[in-house]
Amino acid sequence: MDVNKLFRKHLIQVQPYSSARDEFSGSGGIFLDANENPYGSPITDKYSRYPDPHQRELKQTISEFKKISASRIFLGNGSDEAIDLIIRLFCEPQKDSIIITPPTYSMYEVTAKLHNIDVIKVPLDNIFEPEVKDILHAENQNTKLLFLCSPNNPTGNAFPQEKVIQILDRFEGIVVIDEAYSDFSPEKSFFPLLDTYNNLIVLQTFSKAYGLAGLRLGIAYGDSNIISFLDKIKLPYNVNSYTLNIAKNTVLQFQSVQNNIFKILEERKKLIQALSNFHFVEKVYHSDSNFILFKTYFADELYRYLIEQNIIIRNFSQKPYCKHCLRVTVGKPEENEMLIKALSFFHK
Ligand SMILES: *Cc1c(COP(=O)(O)O)cnc(C)c1O
């Protein structure tokens, strides 16, 4: 597909900011070019220098780990930044549109609305899978992006590969697949399809399986043409030095990350079992993620009751497409036990 015709025209002309580090990128020497303070802060002098605006070291580490060229990796201040930039790169305000498949992650819609971009909603079917025909039917000449979230938040399920491929084969804009939870899923990641579809962008994040939500780091993988364009329109120093360093070392210790994922999967199994046994729980949805969606006709009461017990979960019962549903994140064993114990004292 010729993705060049999808970029917003005026951005093609824009010259990106050229930082001191762009104009001289050697590593030795006396650096008096960026107006930094040589003393640092009284707390630490580790952060007196600007971070690498191109994040070369971390991209190299991820490139070797994921076996993908560094030119196909974009790093952002959370995947939320990538979502924002992707919308800004392709969508003309008051003209273009995106397609989303509710119930899903609300940032796609929120961000599009902030930029005055139309949002076309094609709801998931009754087992929370995408309606391929309806999506393709909803697309028009101004539809630039389709956001799919797999495993989907807040439903928890991964989408079948065949359905996504049917969409990729026929959708005429960019398909963004948000894989924030794919490390918890037994289903295949859509990452390998990047070599087949140059209109595919896969989002991943350090916030969930990697346990670094507070550091704000998200990744977009895609065609190098799209990625270099995202790099051109981002803020110069969008990822800070501390984050770059911790993220690199976390990738290098993936075995420990994997161990934590295994623990969460074990706990998820136990929690699903326990939830299913409560008579006031109508349905526990299948989960390929680190959270569980369940349905109860006492959702609001149960939510409030748990808050009184100092346990906070997420209430979706008033949201369209998720009526009577609550979402709970899988915690540590002792946290999950407290939850189950509290539930066993809920009388309905
Ligand atoms: C948590 C989450 C993210 C992560 O966003 P960050 O900005 O990287 O923290 C992205 N997409 C979905 C669907 C999520 O649930």
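Predicted model: local features only at pLDDT ≥ 70, side-chain atom pairs only at ≥ 80, totals over all residues.
Residues are numbered from 1 along each chain as its sequence is written, and side-chain values use heavy atoms, leaving out hydrogens and water.

Let's start with the ligand. There are 14 residues around it, and Asp178, Tyr181, Ser207, Lys208 and Arg216 come nearest; to count, a residue needs a heavy atom within 4 Å of the ligand. By class, that shell has five nonpolar, five polar and four charged residues. Charged here means Asp, Glu, Lys and Arg; Ala, Val, Leu, Ile, Met, Phe, Trp, Tyr, Cys and Pro are nonpolar, and the others, Gly among them, are polar.

Now some atom pairs. The side chain of Asp178 has an N or O atom 2.6 Å from a nitrogen atom of the ligand. With Arg216, a side-chain N or O atom sits 2.6 Å from a ligand oxygen atom. Asp80 uses its backbone instead: an N or O atom there is 3.1 Å from an oxygen atom of the ligand.

On to the largest pocket. Which helix gives the most to its lining? That's helix 9, with four residues; helices are DSSP runs of H or I, at least four residues, numbered from the N terminus. The lining as a whole divides into six nonpolar, four polar and six charged residues.

Technical notes:
Helix = DSSP H or I, 4+ residues; strand = E, 2+ residues; numbered from the N terminus. Polar contact = N/O pair within 3.5 Å; in protein donor to acceptor, adjacent residues only side chain to side chain.
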